[in-house]
Amino acid sequence: MLMVGPPGAGKSMLAARLPGILPPLEPAEALELGMIQSVAGGLRSGGLTRERPFRDPHHSASLAALVGGGPRPRPGEISLAYQGVLFLDELAEFNRAALEALRQPLETGRVSVARAQGHVTYPARFQLIAAMNPCRCGHFAELACGRAPRCAEDYQGRLSGPLLDRIDLHIDVPAVAPADLALPPAAEGSAAVAGRVMAARARQAKRYAGLPAGRAIRTNAEADGALLDEVATPEPAGGALLARAAERLHLSARGYHRVLRVARTLADLEGAAVVARSHIAEALSYRRMKVLREADMPRG
Ligand SMILES: Nc1ncnc2c1ncn2[C@@H]1O[C@H](COP(=O)(O)OP(=O)(O)OP(=O)(O)O)[C@@H](O)[C@H]1O
Ligand SMILES: [Mg+2]
């Protein structure tokens, strides 16, 4: 997910709430994470934890710190975030080479780093959550910036198309109006949301339980190819919508499959057996279509 919004809109605050809605690690996952921590030299005496990792490296982090490697190769943040969240705040401020190096692991859930002799591969299946301002001064949407829209094009242009194509959920986080802050807090707390997440995860675990050991997976995120087609084929109206959208919006093949995967998860959150047109429509609404949307452009 990528959250874009002006300063103080609550992006970092939202991300900090994420650990509160993540389900605990499965025992096997906890073991795998423990092995990674141990290789990285960071397994504390307390041993294994069922808590999902939440890693938030600073934007000055080096390529090796982020993806692993270095003179004495070690797993990086993307491996330490195994089966949890890697939060990159101020995404556009990160080193470009480090961001590009996320592309392979985002696709495969693994990362290969070069060593003196050959390569070493670390597991790197994580959820990327990123946040950024729309432009350098941060106020593009309010049009308070004298350099709009060029400043936003320059700033968002620091992220490559292939990286953005791998991000399923592009979310605008608008500034909070002072009047809204005075309203009573939302009725639903993190615990209720966590319950929905757990239920959706349980549905997925059940769906994939019968797979042969070599191809064992637990979540929609890991479903690919024929398996994804089998579990996420939408109802006919949804299929037609996706086909039309793919053509009009020039979705890449990757984008097409990613929409299907997100739609499957939206259906799971609702407890729906079949992916409906509404799930496809919602999944499409989260995909990024171009750098700037017309609605964001200054008038006149
Ligand atoms: N929806 C909200 N409800 C209540 N308080 C909020 C909300 N959004 C922001 N705040 C307040 O604003 C503060 C700043 O929010 P936060 O640091 O998350 O902004 P940000 O979007 O990350 O900004 P920046 O782009 O400058 O990093 C929060 O600590 C909180 O006090
Ligand atoms: Mg912030």
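Let me start with residue classes: Ala, Val, Leu, Ile, Met, Phe, Trp, Tyr, Cys and Pro count as nonpolar, Asp, Glu, Lys and Arg as charged, and the others, Gly among them, as polar. Now the ground rules. This is a predicted model, where local features need pLDDT of at least 70, side-chain atom pairs count only at pLDDT 80 or more, and totals for chains, interfaces and linings use all residues. Residues are numbered from 1 along each chain as its sequence is written, chains are lettered from A and ligands numbered from 1 in the order in which they are written, and side-chain values use heavy atoms, with hydrogens and water left out.

First topic: the ligand. Which residues are around ligand 1? They are P6, P7, G8, A9, G10, K11, S12, M13, E90, N133, V176 and L181. To be near, a residue needs a heavy atom within 4 Å of the molecule. By class, this shell has six nonpolar, four polar and two charged residues. Helix α1 (residues 11–17) gives the largest share, three residues. Helices here are DSSP runs of H or I, at least four residues, and strands are runs of E, at least two, numbered from the N terminus.

Now the polar contacts, meaning pairs of N or O atoms within 3.5 Å. The side chain of N133 has an N or O atom 2.7 Å from an oxygen atom of ligand 1. For G10, a backbone N or O atom lies 3.0 Å from a ligand oxygen. E90 brings a polar side-chain atom to 3.3 Å from an oxygen atom of ligand 1. On its own, ligand 1 has 640 Å² of accessible area, and the protein covers 57% of that. Such areas come from the Shrake-Rupley method with a 1.4 Å probe.

Next, the sheet. In what order do the five strands come? The order is β2-β3-β6-β1-β7, in an open sheet with parallel pairing. At the edges are β2 (54–55) and β7 (170–172), each pairing on one side only. Two strands pair if DSSP finds at least two bridges between them. Strands β1 (residues 2–4) and β6 (residues 127–132) are joined by three bridges. V4 has M132 in β6 as its bridge partner.

Last, charges. Side chains of opposite charge can pair when their charged atoms come close. The structure holds 19 salt bridges, each a side-chain nitrogen of Lys or Arg within 4 Å of a carboxyl oxygen of Asp or Glu. One of them joins E222 and R125, at 3.9 Å, N to O. These two residues are 97 residues apart and link distant parts of the chain.

Methods: Polar contact = N/O pair within 3.5 Å; in protein donor to acceptor, adjacent residues only side chain to side chain.
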